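Please keep the sequence and the structure in view while reading.

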Amino acid sequence: MGIEEKIPSGIMLTTLEAIQGWTRQASFWPLTMGLACCAIEMISYGGPRADSGRWGQEVFRASPRQADLMIVSGRVSQKMAPVVRQLWDQMPNPKWCIAMGVCSSSGGMFNNYAIVQGVDHIVPVDMYIPGCPPRPDMLIDAVFKLKKNEVMRHPVGADMDKAIAEAEHKALEAPATIEQKGLMR
């Protein structure tokens, strides 16, 4: 009769998940996907006024293999969509995505054949930031909410790959926001 029988089941795994979530949320490494005018606001997020370095995010990664957060800022063209998806696929798990600005969230004012009507058609998006363009403090707020709600509660161990695959499949199979509201003609 060991201590394992006296401890409620799952307490060790929960503690391990909490510790790993805490260490992971303290070291986000964002991948830059500055595609249009929102990229200037994303760049100023790393500058001295917003100073993302206070939260351990001063180094924007140019390589997807070193990043765990994709910030898509600006409109995504049909030509750029396969590149965005390829970069997403090259990022190691676990990974997260923020759609920054109205163009990356829903296509914005560009309702035509050349612009993807939301980056959520290409990659699963965890957080949407509204605005044209959104301010750097909105990006700061989104990163903190993502850390608190998603990163801290991410599964660890054998179920992690299964949970990631299910979440991505669910996100990509979901109808677009404009389709959910019944605005499609």
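## Two cis peptide bonds

The loop between α3 and β3 contains P94. In this predicted model, the peptide bond that joins N93 and P94 is cis, and its omega is about -5 degrees.

P133 belongs to the loop between β4 and α5, the latter covering residues 136-151.

## The chain as a whole

The chain has 185 residues, and 38% of them count as buried. Its secondary structure comes to seven helices and four strands. Read from the N terminus on, these elements follow the order α-β-α-β-α-β-α-β-α-α-α.

Among the contacts in the chain with a separation of 6 or more, 77% are between residues 24 or more positions apart.

## The sheet

In general, strands of a sheet pair through backbone hydrogen bonds.

The pairs can be followed across the sheet. β1 and β2 are joined in the parallel sense over five bridges, and L31 has M70 in β2 as its bridge partner. Five bridges also connect β2 (residues 69-73) with β3, again in parallel; here S73 has M100 in β3 as its bridge partner. Between these two strands the chain passes through helix α3 (residues 81-90), and this β-α-β crossover is right-handed. Three bridges then link β3 to the parallel strand β4 (residues 127-129), with Y128 in β4 as the bridge partner of A99.

Is strand β3 mostly covered or mostly open? The strand, residues 96-100, is mostly covered, with five of its five residues buried. W96, I98 and M100 point one way from β3, while C97 and A99 point the other way. The residues on both sides are buried.

In helix α3, the buried residues are A81, V84 and W88. Seen down the axis of α3, the buried residues fall within an arc of 65 degrees, so they line one face of the helix.

The largest nonpolar core has 17 residues. Those with the most contacts inside this core are M70, V72, V76, V84, V119, I122 and V123. At least two residues of the core come from each of β1, β2, α3 and β3, and α3 gives the most, with three residues. In soluble globular proteins, nonpolar side chains tend to be buried together.

V72 has its place in strand β2. Why does V72 count as buried? Its relative accessible area is 0%, and the cut-off for a buried residue is under 20%. Leaving aside neighbours within four places in sequence, V72 is in contact with M33, L35, C97, I98, A99, M100, S104 and V119. V72 and A36 are 36 residues apart in sequence, and their C-alpha atoms are 9.6 Å apart in space.

V119 is one of the residues with the most contacts inside the largest core. With neighbours within four places in sequence left aside, V119 is in contact with V72, V76, V84, A99, S104 and V125.

D68 is found in the loop between α2 (38-45) and β2. D68 counts as buried because its relative accessibility is 13%, where the cut-off is under 20%. Which residues does D68 touch, not counting those up to four places away in sequence? They are S27, F28, W29, M91, P94, K95 and W96.

How values were computed: Residues numbered from 1 in each chain as written. Predicted model: local features only at pLDDT ≥ 70, side-chain atom pairs only at ≥ 80, totals over all residues. Heavy atoms only, no water. Buried < 20%, exposed > 50% of the residue type's maximum accessible area, 1.4 Å probe, protein only. Pairing = 2+ DSSP bridges. Right-handed = clockwise from strand over helix to strand, strands pointing away. Core = buried A, V, L, I, M, F, W, Y, C linked by side-chain atoms within 4.5 Å. Contact = heavy atoms within 4.5 Å. Arc of directions from axis to C-beta.
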